[in-house]
Amino acid sequence: MGIFGNIFRGQDLEKKKLEFETVKNLYLREGESISSDSITLFECRKDSVRCIQRVKSYIDRLTNCPPEIQKGIAKALSYTDNFRETMQWEIDAEQSYSVSSSSIKGANASNIGIGGVAAGATIATMGPAAAMAIATTFGTASTGVAISSLGGIAATNAALAWLGGGAIAAGGAGMAGGSALLALAGPIGWGLAGVAALGTSVRMRSSNSKAIEEIEKLIHELNGKLEILRPKHQKLLRLLSSTKALNKKVELDMFLTAPNDYRSEDYPKEELVEIVNNCKTIGKMVNETIAMQMQ
C-alpha cells in the first residue's frame, strides 16, 4: 500500500476510534443509570419493609381483629425476614467501612468468601449501600439462589463472593458507580478491562488495517452487550415502578379516622384485607432479582 493508502487507512482508523468512543460512552452511561436505579430500588424495598411493619403494628393494636388478618400480615412480614437482615448488615457495614478505604474494616477474612479481598476494595469504593443494592438486584449465589432472598451472613458472603468474583474477572477493584456495575454484572461487564487493553495495543500497532479490525470487533461486542443491558434496565425500571405503586397502596391514612374496632359497622374491613394482600405481594417482591448470567 502506498503513502496515500496509508493516509486513508489512518483516517479510517481515526473515524473508527471515534465510533468506538461513542459506543463505549453509551455503554458506560447505561451502566451509571442502572447503578443509580438499583440504589433507588434498594431504598424503595427498604420502604416496603417499613410499610409492612407499620401495617402489622396497626393490626396488632386493632381490637377484635380476625386471626386470618393477623396471620396474613405476619406472613407478609416473614417474606422480608432475609431482606431485613440485609438492611441491618448495611447499617453495620456503613459504620465499619470507609468509602475511601481500599480494604474491608472489621471483617474476618474467613467470613468474606470467594474473591473477598477484591470485593472489599469494591465495596469500600462504592459504599455498602450501593454494593448491596447492585448485589441484591442482580446477584446470584453460587447455589443459583437470588442474593436478595438470602439473609444474615449467608447474604453477606454471597454478595461478597459475587462482587469479588466480578472485580477479579474485571482485572481488579476500586471502581465506582456504573463502571463497577458493568464490571460485576456478568455478560455485560467483562469487556471493560479488554477495552483498556485494546486501546493501548491499538495505539502501539503499526498496522492500521489490523487496528481497525480489532476496533470493529470491539464495537460489535459492546453493541451486543448493550442489547443485553437495555432490557435488563427496562425490567429494573418496571420493578421499581411496581414497588413504588404498591408502597402507596399500603398507606394507612384512611385508617387514622376509622374506629379502632374491626367489628364496628363503620370499619373499612375490605380495605384492610386489600392492604394485607398488597403487603404479601410487596413482601415477595423485595426478593425478586434480575438475572445476570455469568459468561
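**Note on the predicted model: salt bridges and nonpolar cores**

1. At 12% relative accessibility, Asn-278 counts as buried, because the limit for that class is under 20% relative accessible area. The model discussed here is a predicted one. Asn-278 belongs to helix H10. Leaving aside residues up to four places away in sequence, Asn-278 has contacts with Leu-246, Lys-249 and Val-250.

2. The largest nonpolar core is made up of 45 residues. The members that touch the most other members are Val-55, Tyr-58, Ile-59, Tyr-267, Leu-272 and Cys-279. Two or more residues come from each of helix H1 (3-61), helix H2 (67-78), helix H5 (128-138), helix H9 (208-249) and helix H10 (269-285). Apart from this core there is a second, separate one of eight residues, with Val-49, Phe-83, Trp-89 and Met-132 among them.

3. With residues up to four places away in sequence set aside, Tyr-267 touches Tyr-58, Leu-62, Phe-255, Ala-258, Pro-259, Asp-261, Tyr-262 and Leu-272.

4. How many salt bridges does a search of the whole structure find? The search returns ten. One of them joins the side chains of Glu-216 and Lys-16, with an N to O distance of 3.5 Å. Glu-216 is in helix H9 and Lys-16 in helix H1, so this pair ties together parts that are 200 residues apart in sequence. The two partners can also be described by accessibility: Glu-216 is partly exposed, at a relative accessible area of 39%, whereas Lys-16 is buried, at 17% relative accessibility. The pair also forms part of a network of salt bridges that links Lys-16, Glu-19 and Glu-216.

5. A further salt bridge is found between Lys-24 and Glu-21, where the closest N and O atoms are 3.3 Å apart. Both residues lie in helix H1 and are three residues apart, about one turn of the helix. Glu-21, at 32% relative accessibility, counts as partly exposed.

6. The side chains of Asp-81 and Arg-84 form another salt bridge, with 2.2 Å from N to O. A reader inspecting the coordinates may wish to view this pair alongside the two described above. Helix H3 contains both residues, which are three residues apart, about one turn of the helix.

7. Helix H3, in which Asp-81 is found, covers residues 81-96. The C-alpha atoms of Asp-81 and Val-49 are separated by 9.3 Å, and these two residues are 32 residues apart along the chain. Val-49 is itself one of the residues included in the second, separate core.

How values were computed
Residues are numbered from 1 along each chain as its sequence is written. This is a predicted model: local features need pLDDT of at least 70, side-chain atom pairs count only at pLDDT 80 or more; totals for chains, interfaces and linings use all residues. Side-chain values use heavy atoms; hydrogens and water are left out. Helices (H or I, at least four residues) and strands (E, at least two) are DSSP runs, numbered from the N terminus. A nonpolar core is a set of buried Ala, Val, Leu, Ile, Met, Phe, Trp, Tyr and Cys residues joined through side-chain atoms within 4.5 Å. Buried means under 20% relative accessible area, exposed over 50%, partly exposed in between (1.4 Å probe, protein chains only). Contact means heavy atoms within 4.5 Å. A salt bridge is a side-chain nitrogen of Lys or Arg within 4 Å of a carboxyl oxygen of Asp or Glu.
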